[in-house]
Amino acid sequence: MKENKNKEKQKTAAKKRLSLKQREGMMGYLFVLPWIIGVLIFVLRPLAQSFNFALSRVRMTPAGREITFIGIQNFTQILQEDETFPTELAAYLMKTIMATPIIVVFALIIALLLNSKIKGKGVFRLIFFLPVIIASGPVMSQLMSQGAGSIPAMNTSAIQSLIGFLPGFMVDAIMGLFENIVMYLWYSGVQILIFLAAVQKIDTSLYEAAKIDGGSTWECFWKITLPTIKPMTLLNVVYTIVYLSNNEQNSIIETIKNAMFGTTGSKGYGYASAMAWLYAVIVTILVLLFAAALALKKDVYAKKAKQHKKEMKKQERLIKRIERRGEQYEKQKAKRTAKAAKAVR
């Protein structure tokens with residue numbers, strides 16, 4: 001009886017003990033908790049108010065705000081009557097779809113170079129991260145006005161003549177990318193640091209084992225480096241899209257601001273809120289498309305690890321069932337022996 005009690009105590013203590021994965025998950029939730037609290041307090045209410053404005057006509061009067069519910073009229077007016085906003089959205093999509101891979105790939109290349117054995121790594125990291133601090137706001141506007149965002153030797157007129165058969169918004173997007181190529185490369189400072197941290201956490205024994213088996217540097221990159229940093233690649237893609245969407249050089253932000261302070265009767269806070277919600281939906285869809293493209297091919301080793309975990313769980317359940325049946329059999333046997341002893345007496 002005492003042995004059974006001790007076993008039960010050990011089982012309950014083992015259940016109460018949290019695994020390493022559960023503890024890491026709890027720590028992750030603790031780190032994210034301030035952000036969650038901030039969203040609940042400062043973001044949800046403005047979002048709800050903005051959505052209410054998008055479905056209404058808002059007028060500022062001396063007596064206060066006058067909100068008149070008009071349904072989806074703001075959205076239909078934007079899509080049917082507005083001449084600039086849909087065109088700017090199409091140009092934004094083209095620029096973001098082209099610029100995001102360029103920024104992420106450039107950041108990965110620089111992170112791999114900085115991770116190699118070279119002297120003065122700290123200086124190079126500072127050089128590549130410095131534009132993130134300097135090139136923002138009025139500084140970026142001054143640099144763009146002086147032509148610092150483009151490469152002087154690049155023949156943009158020849159590129160424009162080659163792509164002249166494309167629609168106007170596509171030509172504008174492609175030319176904007178080539179004209180501001182240096183500026184887009186300046187946006188890769190944070191991504192370089194994220195990739196660098198991810199690459200440095202890869203176990204070096206994996207590369208040693210691959211080289212012993214005859215793997216080249218290129219094969220190690222495709223088979224070890226890329227699959228290992230895949231979550232950080234997705235993070236950098238999402239960060240890049242969000243940064244390009246909220247960047248001060250983005251013309252859509254200025255268009256929404258001008259519509260908010262519009263003098264015509266059809267525009268105002270409601271019209272600008274509808275534009276902002278349309279823009280947010282398109283940015284969200286773009287993020288989901290990039291995430292789906294990166295998550296299409298699953299890692300073979302991850303699949304095998306999941307299958308192994310499932311098999312281990314099945315074995316544990318089977319062992320528990322056998323133990324329960326054994327305990328039930330022992331209890332029944334003890335009852336029988338007790339009954340037989342009573343009958344003998």
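I started at Phe221, which counts as buried at 17% relative accessibility. My cut-offs here: buried is under 20% relative accessible area, exposed is over 50%, and partly exposed is in between, with a 1.4 Å probe and protein chains only. Before going on, I note that this is a predicted model, where local features need pLDDT of at least 70 and side-chain atom pairs count only at pLDDT 80 or more, while totals for chains, interfaces and linings use all residues. Residues are numbered from 1 along each chain as its sequence is written, and side-chain values use heavy atoms, with hydrogens and water left out.

**Rings**

For ring pairs I took Phe, Tyr and Trp (its six-membered ring) with centres within 6.5 Å; planes under 30 degrees apart are stacked, over 60 edge-to-face, and the rest tilted. That rule gives six aromatic pairs. Phe221 and Trp222 make an edge-to-face pair, because their planes sit at 80°, with the ring centres 5.7 Å apart. Ring pairs also bring in Trp218, giving a cluster of Trp218, Phe221 and Trp222.

Tyr239 and Tyr243 came next: I have them as a stacked pair, 6.1 Å centre to centre with 20° between the planes. Both are in helix 13, four residues apart, about one turn of the helix. Helices here are DSSP runs of H or I of at least four residues, and strands are runs of E of at least two, numbered from the N terminus. I read Tyr239 as partly exposed at 30% and Tyr243 as partly exposed at 28%.

**Cores**

I then went for the nonpolar cores, meaning buried Ala, Val, Leu, Ile, Met, Phe, Trp, Tyr and Cys residues joined through side-chain atoms within 4.5 Å. The largest has 40 residues, and Phe85, Ile241 and Tyr279 have the most contacts inside it. Helices supplying at least two residues each include helix 3 (73-80), helix 11 (204-212) and helix 12 (217-228). Helix 15 gives the largest share, 10 residues.

What does Phe85 contact, leaving aside its neighbours within four places in sequence? I listed Ile78, Ile252, Thr255, Ile256, Met275, Leu278 and Tyr279, with contact meaning heavy atoms within 4.5 Å. I also noted a second, separate core of six residues, among them Ala99, Met183, Tyr187 and Leu244.

**Helix 10**

I checked the length of helix 10 (residues 189-200): its 12 residues should span 16 Å at 1.5 Å a residue, and the end C-alpha atoms are 17 Å apart, which agrees. The expected span is 1.5 Å times one less than the number of residues. Buried in helix 10 are Gly189, Gln191, Ile192, Phe195, Leu196, Ala198 and Val199. Their cover includes helix 4 (85-115), helix 5 (121-134), helix 9 (181-186) and helix 13 (230-246).

**Salt bridge and hairpin**

I searched for a Lys or Arg side-chain nitrogen within 4 Å of an Asp or Glu carboxyl oxygen, and the count came to one salt bridge. Glu254 and Lys257 form it, with the closest N and O atoms 3.5 Å apart. Both lie in helix 14 (residues 251-260), three residues apart. Glu254 is partly exposed at 40%, and Lys257 is also partly exposed, at 40%.

Last, the strands: strand 1 (residues 56-61) and strand 2 (residues 64-69) run antiparallel, joined by six bridges; I call strands paired if DSSP finds at least two bridges between them. A hairpin connects strand 1 to strand 2 through two residues. Thr61 has Gly64 of strand 2 as its bridge partner.
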